[in-house]
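This report looks at charged side chains and how they pair. The sequence and the structure are shown first.

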Amino acid sequence: MFMKNIYNYTIPDMDEEFTTLLKHKNIQINHIVSSDKLEDKLYIQDEDEWLVLLKGKATLLLDNETKTLKSGDTLFIPAKTPHKILSTSKGTLWLTVHIYE
């Protein structure tokens, strides 16, 4: 059994810190904390992803369209959709759910 308070975290100096909270059957839930200094990285994942921004602000480029998220916003990213994080406020907190086939 793994227990974690999602609001108990440290902010990384650079990029993001990922913690897997649950990996079960075809689902993986991650806790992510973002710095305001990010690596320029393009993601193209084999699985679908649903996310909720719990705290902070983030701007993403999703299939060549800019999306700005604030606390409480959710987003579904279908498998194979190119996306990158353009910017985040320091301490942005996410929960992501990856859905594998």
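Is K84 buried or exposed in this model? The model is predicted, and in it K84 has a relative accessible area of 19%. Buried means under 20% relative accessible area, so K84 is buried.

K84 also takes part in a salt bridge: its partner is D40, and the closest N and O atoms of the pair are 2.9 Å apart. The two residues come from distant parts of the chain, 44 residues apart. K84 belongs to strand 7 (residues 83–88), whereas D40 sits in the loop between strand 2 (27–34) and strand 3 (48–55).

Side chains of opposite charge can pair when their charged atoms come close. The count for this model comes to five salt bridges. The table gives some of them, including the pair just described.

| Lysine | Aspartate | N to O distance |
|---|---|---|
| K84 | D40 | 2.9 Å |
| K37 | D36 | 3.7 Å |
| K70 | D73 | 3.7 Å |

How accessible are the residues of the other two rows? K37 has 49% relative accessibility and counts as partly exposed. Its partner in the salt bridge is D36, and D36 is partly exposed as well, with a relative accessible area of 40%. K70, which meets D73 in a salt bridge, has a relative accessible area of 52%. Exposed means over 50%, so K70 counts as exposed.

Key: Residues are numbered from 1 along each chain as its sequence is written. This is a predicted model: local features need pLDDT of at least 70, side-chain atom pairs count only at pLDDT 80 or more; totals for chains, interfaces and linings use all residues. Side-chain values use heavy atoms; hydrogens and water are left out. A salt bridge is a side-chain nitrogen of Lys or Arg within 4 Å of a carboxyl oxygen of Asp or Glu. Buried means under 20% relative accessible area, exposed over 50%, partly exposed in between (1.4 Å probe, protein chains only). Helices (H or I, at least four residues) and strands (E, at least two) are DSSP runs, numbered from the N terminus.
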